[in-house]
Amino acid sequence: MSALTDTDLLVVGAGLMGSATAWAASRRGLSVTLVEQFAADHDRGSSHGSARIVRRSYDDPTYTRLTGRAFELWRELELDSGTALLRMLGGLDFGERDYIDGVAAQFRDAGVTHEILDAAEAERRWPGLRFEGPVIHHPQAGTVDAAAAVAAFESGAARRGAVLRFETAVVEVREVPGGVRAELSDGSAVTAARAVVAAGAWLSDLLGDRVRLPELTVTEQEVFHFPRLDPDAPPWPSVVHEYGGGVYHLQGGRDGGPGDDRKIGVHYGGRPTRPDHRDRVVSPETRAAMVEYVSRWMPGCAPTPRGEATCLYTSTPSEDFLLDEVGALVVCSPCSGHGAKFAPLIGELTTGLVTGAGDVPERFRLAAHLGSAKG
């Protein structure tokens with residue numbers, strides 16, 4: 001930290017990615033100030049809730065490789081915090097043949113333990129679920145408790161001296177000689193040598209007039225919790241079904257209530273919104289579609305949801321993450337509905353950009369997103 005700055009690193013946004021960055025940077029001895037516009041443990045963005053899928057299954061070598069390192073760092077966070085965050089129930093993928101063939105190929109290339117089952121065998125192993133075509137099972141999958149992970153990142157950073165400021169918005173962040181300066185909603189300011197802006201759905205509003213960004217689409221996603229007919233039966237693995245808009249379902253954890261109700265959603269089913277103007281209303285059409293899906297593919301669940309909610313996605317056109325540095329600023333938007341599983345790794349990558357000791361895949365850089373480099 002320079003004599004002219006308050007902190008080595010300012011992190012804007014205390015969701016999964018910002019909190020992970022604060023944790024990673026503080027572990028490397030940087031002084032950190034983490035600023036969040038809402039209260040701790042809020043549900044206004046994309047990082048709340050008790051269950052998100054973690055898995056190795058991608059039909060893309062970059063993401064398959066990165067999931068391996070992410071799992072190592074999740075275990076480091078669990079050890080550091082003394083908190084169990086992962087629930088390793090395994091994972092199942094089925095549906096479109098090209099996707100399944102691609103996942104199997106990546107598993108083989110990366111040495112990921114897996115097996116390919118026919119639908120009848122999968123239904124025998126996991127009664128109450130229905131399948132079609134080949135089904136890939138891999139054990140290194142399950143769920144992560146997102147809200148508990150945010151708390152673990154933040155407590156770990158705070159133990160190492162990070163300053164956490166909640167209910168304080170960054171009104172403006174700009175480069176100044178020697179670093180960056182952030183003007184805050186309470187009238188104060190923070191100066192830092194570098195800043196990581198991990199503002200989620202608010203990223204474009206905060207940086208759009210200073211950094212040329214790709215189009216970031218914010219959508220409101222609907223999720224449902226369906227009770228299992230036999231709540232005492234062993235929990236099912238997490239499931240990704242390449243079908244329609246891309247259906248996923250997983251054990252709901254705390255959000256699923258005492259019955260651990262099954263959480264289900266559609267990856268491409270969101271509707272455009274503004275982060276400060278979402279209506280939090282679940283549409284009857286989406287509910288009906290989920291009831292129909294559960295009735296056909298999940299007969300082990302009651303076909304009436306016991307709970308429902310909405311959350312936000314922030315997506316790039318390619319669905320690739322956005323991680324890059326522009327002067328003293330680091331833009332951090334690991335998004336598009338599949339970033340949560342990578343959170344501790346994102347913290348490592350952003351800290352590497354801050355310190356100059358690391359790198360990120362070129363396809364995550366601004367140039368690739370803006371079309372001046374190949375992904």
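In strand β7, the bridge partner of Leu92 is His137; strands here, like helices, are DSSP runs numbered from the N terminus (strands E, at least two residues; helices H or I, at least four). The model is predicted, and local features need pLDDT of at least 70, side-chain atom pairs count only at pLDDT 80 or more, and totals for chains, interfaces and linings use all residues. Residues are numbered from 1 along each chain as its sequence is written, and side-chain values use heavy atoms, with hydrogens and water left out.

Strand β5 (residues 91–95) pairs with β7 (residues 135–138) in the antiparallel sense over four bridges, pairing being assigned if DSSP finds at least two bridges between two strands. With β14 (residues 238–242), β5 pairs in the parallel sense over five bridges, and Ser238 of β14 is the bridge partner of Gly91. Five of the five residues of β5 are buried, so the strand is largely enclosed by the rest of the structure. Buried means under 20% relative accessible area (1.4 Å probe, protein chains only). Gly91, Asp93 and Gly95 point one way from β5, and Leu92 and Phe94 point the other way.

A nonpolar core is a set of buried Ala, Val, Leu, Ile, Met, Phe, Trp, Tyr and Cys residues joined through side-chain atoms within 4.5 Å. The largest such core has 47 residues, and Leu16, Val32, Trp74, Phe153, Phe342 and Ile346 have the most contacts inside it. Elements giving two or more residues to this core include α1 (16–27), α5 (146–159) and α8 (343–355), while α2 gives the largest share, seven residues. Another core, of 29 residues, lies apart from it and includes Leu10, Phe38, Val180 and Leu216.

Methods
Buried < 20%, exposed > 50% of the residue type's maximum accessible area, 1.4 Å probe, protein only.
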